[in-house]
Amino acid sequence: MELLESLNPQQKQAVTASDGPVLILAGPGSGKTRVLTYRVAWLVLEREVPPYHILAVTFTNKAAREMRKRLETLLGYDRARRLTLGTFHATCARILRREAEAAGIPHDYVIFDADDQRALVRRALRELDIDDKQYRPSAVHSAISRAKNEMIPPDAYQPSSYFGEIVRRVYGPYQELLRANNGLDFDDLLLETVRLFRRHPDVLRRYQERYRHVLVDEFQDTNTVQYILLHQLSGRHRNLFVVADEDQSIYRWRGADYRNIFRLREDHPDLLTHLLEQNYRSTQTILDTARAIIRHNPNRTEKKLFTQRGRGPKIMLHEAYDQEDEADFIVETIAQLVRRKEARPGDCAVMYRTNAQSRALEESFIRIGMPYRLVGATRFYARREIKDVIAFLRLIHNPADSTSLRRVINVPPRGIGQKTLQALEKATDKQRASLWWAVEALTREEENAPALGSRAQRAVAAFHRMVSGWIEARATTTPDQLIERVLGDTNYEAYLRDGTDMGDSRWENVQELRTVAADYAQTGSDPGAALTDFLADVALVSDADNLADDTDAPTLLTLHSAKGLEFPIVFITGLEEGLLPHIRSMDDPEELAEERRLLYVGVTRAKNRLYLTYASRRARYGSYEDSYASRFLDNIPHQLVNEL
Ligand code: ATP
Ligand code: MG
């Protein structure tokens with residue numbers, strides 16, 4: 001049939017595999033994602049499976065969008081629309097919204113993003129009188145997150161160090177604070193879904209009947225909860241189709257465990273395994289380099305991988321003097337390739353181990369006036385003005401969201417100062433109630449209401465009237481209209497546009513958000529549900545998802561967010577001991593193996609040309625230090641390399 005013509009024989013076999021559990025185990029660029037996409041199309045077109053019965057899980061929202069576009073071409077818009085395509089988190093968020101009652105969570109719950117999560121940890125630390133300078137909230141939160149991904153509840157948490165003991169003490173209060181705010185963090189989305197299915201076999205049964213075919217991309221990066229979830233969902237029809245490459249597992253720090261591939265085999269003795277051996281992405285030189293690096297990892301099975309793309313140019317290796325020099329070299333090289341018409345700016349990607357490395361690169365790009373796309377750091381949704389507007393919407397959606405209320409109660413300034421806020425909070429502490437409760441109690445002049453001066457009281461009452469008006473309008477107002485109204489009522493534009501360029505650009509961001517929200521007005525569902533969907537999606541956009549796909553500019557991104565992507569020309573920077581491998585990973589063989597996989601992922605993103613760079617000194621924590629070429633470079637055979 002026509003659909004299968006653009007596939008090689010191995011890919012064809014994989015796409016048309018019979019029902020039951022199937023594992024596609026193959027190296028980078030061999031068409032795993034393509035096979036998964038075609039499998040979905042084949043199930044619908046050839047096996048006549050209604051799209052409604054298919055669930056495909058991707059690693060990022062961006063990957064989901066790309067797959068959806070592909071499938072719209074293959075299946076037509078109407079059929080593609082009925083597929084469930086998304087990340088684990090987005091899928092669980094929807095299930096929990098629908099099954100809130102059975103799950104025992106409020107149906108208007110809000111998703112706490114990474115910043116919110118850290119803010120809650122900081123609060124819990126303060127409540128326990130623990131110094132948040134000594135115990136960084138982000139580190140404490142990661143530890144809690146790992147426990148949740150292993151499905152360890154607060155009371156079963158076993159600390160193995162003094163730091164662990166701090167985590168143990170914070171974990172419970174953190175969880176309580178989340179609940180008091182009607183909030184779920186990212187890990188809760190998965191955890192609560194698994195719990196729901198455990199407690200309510202009837203509900204699980206419904207989803208098993210709905211998702212008769214479950215397909216998973218990047219399976220090597222699933223963690224324990226995700227594995228259990230897949231096991232539950234596919235427990236009845238057993239049509240689980242996963243693609244994986246254990247050499248590309250790079251999310252161990254988030255609890256991912258590539259051993260889930262072996263676990264799958266143990267749980268399904270009838271698991272069919274398919275291999276794909278032709279790489280369509282890279283030149284032979286790039287593949288040889290990748291293999292030379294990864295073969296030093298212990299406990300792996302070598303996979304065959306060949307390409308018909310020919311040898312291609314050698315790998316370019318460049319030693320720079322310092323990070324500025326390194327950045328200039330890269331930016332110059334890109335500019336030259338563009339001048340010679342050997343590449344478009346958008347063909348190029350610059351990858352690094354840590355976000356901080358982008359600064360020198362950005363400065364170089366700015367100096368020569370070449371636009372660039374930065375994945376991560378200036379995330380749209382992390383900007384102050386965007387967070388403000390979202391906080392207003394979240395408050396409207398769920399007044400018990402005290403984190404959002406705290407953020408906007410005096411934005412723009414309306415005379416509700418720190419002291420007033422403290423008085424409100426003190427009143428809530430006694431009741432463990434939400435801040436909104438205190439605001440309401442005050443305006444109703446209840447007896448346990450917080451005691452405030454009359455000016456503060458008037459300010460709080462005015463704020464209460466304004467927000468209540470929005471809440472009343474919520475059910476009949478689309479998200480973009482709601483934003484409009486919030487901006488108007490709060491006079492937000494005047495507050496933001498202070499006559500500087502910065503102010504103007506911030507206002508543009510707000511307009512951009514309104515455009516995004518307008519999309520949700522057209523989904524046909526009622527405005528209240530549109531707001532819910534909008535907020536859920538906003539909370540789930542991850543770093544990699546803020547890439548504007550249509551600008552012709554080089555992409556700057558971490559090796560982690562490069563997963564699954566491909567670029568004609570790739571630069572990997574900072575190949576130095578202490579950076580790649582990272583200093584925190586050098587003493588632990590497992591961590592070191594993961595660093596090697598990370599470089600492997602980076603190298604295999606390249607289609608045509610690969611540049612590797614390092615510097616002989618680098619500023620770290622404010623002072624310059626000598627640095628040494630990464631041990632991984634020693635693994636690359638000399639004949640593959642050109643030193644520049
Ligand atoms: P990764 O491990 O990096 O996620 P992958 O195995 O998922 O890679 P894909 O991204 O699916 O690989 O495919 C890599 C590239 O090869 C894509 O550009 C894809 O369109 C192309 N490709 C895959 N199979 C074929 C084929 N049979 N004919 C032509 N191009 C192909
Ligand atoms: Mg892929």
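Student: How many bridges join strand S1 to S7, and do they run parallel or antiparallel?

Tutor: Please keep in mind that this is a predicted model. Strand S1 (residues 22–26) and S7 run parallel and are joined by four bridges. Within that pairing, Leu23 stands opposite Val242 of S7.

Student: Which residue in S7 is the bridge partner of Leu215?

Tutor: The partner of Leu215 is Phe241. Strand S6 (residues 213–216) is parallel to S7, with three bridges between them. From S6 the chain passes through helix H12 (residues 224–233) to S7, a β-α-β crossover that is right-handed.

Student: How many residues of strand S7 are buried?

Tutor: Burial is read residue by residue, and then face by face. Five of the five residues of S7 (residues 240–244) are buried, and the strand is mostly covered. Leu240, Val242 and Ala244 lie on one side, Phe241 and Val243 on the other, and both faces are covered.

Student: What is the order of the strands in the open sheet of seven strands?

Tutor: The order is S11-S12-S10-S13-S14-S9-S17, and the pairing is parallel. At the edges are strand S11 (373–374) and strand S17 (641–643), each of which pairs on one side only. Strand S9 (residues 315–320) is joined to S17 by three bridges, the two running parallel. There, Met316 stands opposite Asn642 of S17.

Student: Which strands does helix H16 touch as it packs on the sheet?

Tutor: Helix H16 (residues 358–368) touches strand S10 (348–352), S11 and strand S12 (555–558), and its direction makes about 175° with that of S12. Helix H14 (residues 284–294) lies across S9 and strand S14 (606–615), running at about 50° to S14.

Student: Is Gln284 buried or exposed?

Tutor: Gln284, which is found in helix H14, is buried, with a relative accessible area of 19%. The cut-off matters here, because buried means under 20% relative accessible area. Leaving aside neighbours within four places in sequence, Gln284 is in contact with Thr307, Gly310 and Arg311.

Student: How are two packed helices described?

Tutor: One gives the angle between their axes and the distance between the axes. For helix H21 (residues 454–473) and helix H22 (residues 479–490), the axes come within 11 Å and cross at roughly 165°. H21 is therefore roughly antiparallel to H22, and their crossing is right-handed. On H21 the contact is made by Met466, Gly469, Trp470 and Ala473, and on H22 by Leu482, Arg485, Val486, Asp489 and Thr490.

Student: At what angle do H5 and helix H10 pack?

Tutor: H5 and helix H10 (residues 186–199) pack at about 55°, with their axes 9 Å apart. The two helices are therefore oblique to each other, and H5 passes H10 in a left-handed crossing. Phe88, His89, Cys92, Ala93, Ile95 and Leu96 of H5 meet residues of H10 including Phe186, Leu189, Thr193 and Phe197.

Student: Why is helix H5 called largely enclosed?

Tutor: Eight of the eleven residues of H5 (residues 88–98) are buried, so the helix is largely enclosed by the rest of the structure. Among the buried residues are Phe88, Cys92, Ile95 and Leu96, which also take part in the contact with H10.

Definitions and conventions:
Residues numbered from 1 in each chain as written. Chains lettered and ligands numbered in written order. Predicted model: local features only at pLDDT ≥ 70, side-chain atom pairs only at ≥ 80, totals over all residues. Heavy atoms only, no water. Pairing = 2+ DSSP bridges. Contact = heavy atoms within 4.5 Å. Axes fitted to C-alpha atoms, helices over the stretch in contact; angles between N-to-C directions. Buried < 20%, exposed > 50% of the residue type's maximum accessible area, 1.4 Å probe, protein only. Right-handed = clockwise from strand over helix to strand, strands pointing away. Parallel < 35°, antiparallel > 145°, perpendicular 65-115°, else oblique. Left-handed = near helix turned anticlockwise from the far one by under 90°.
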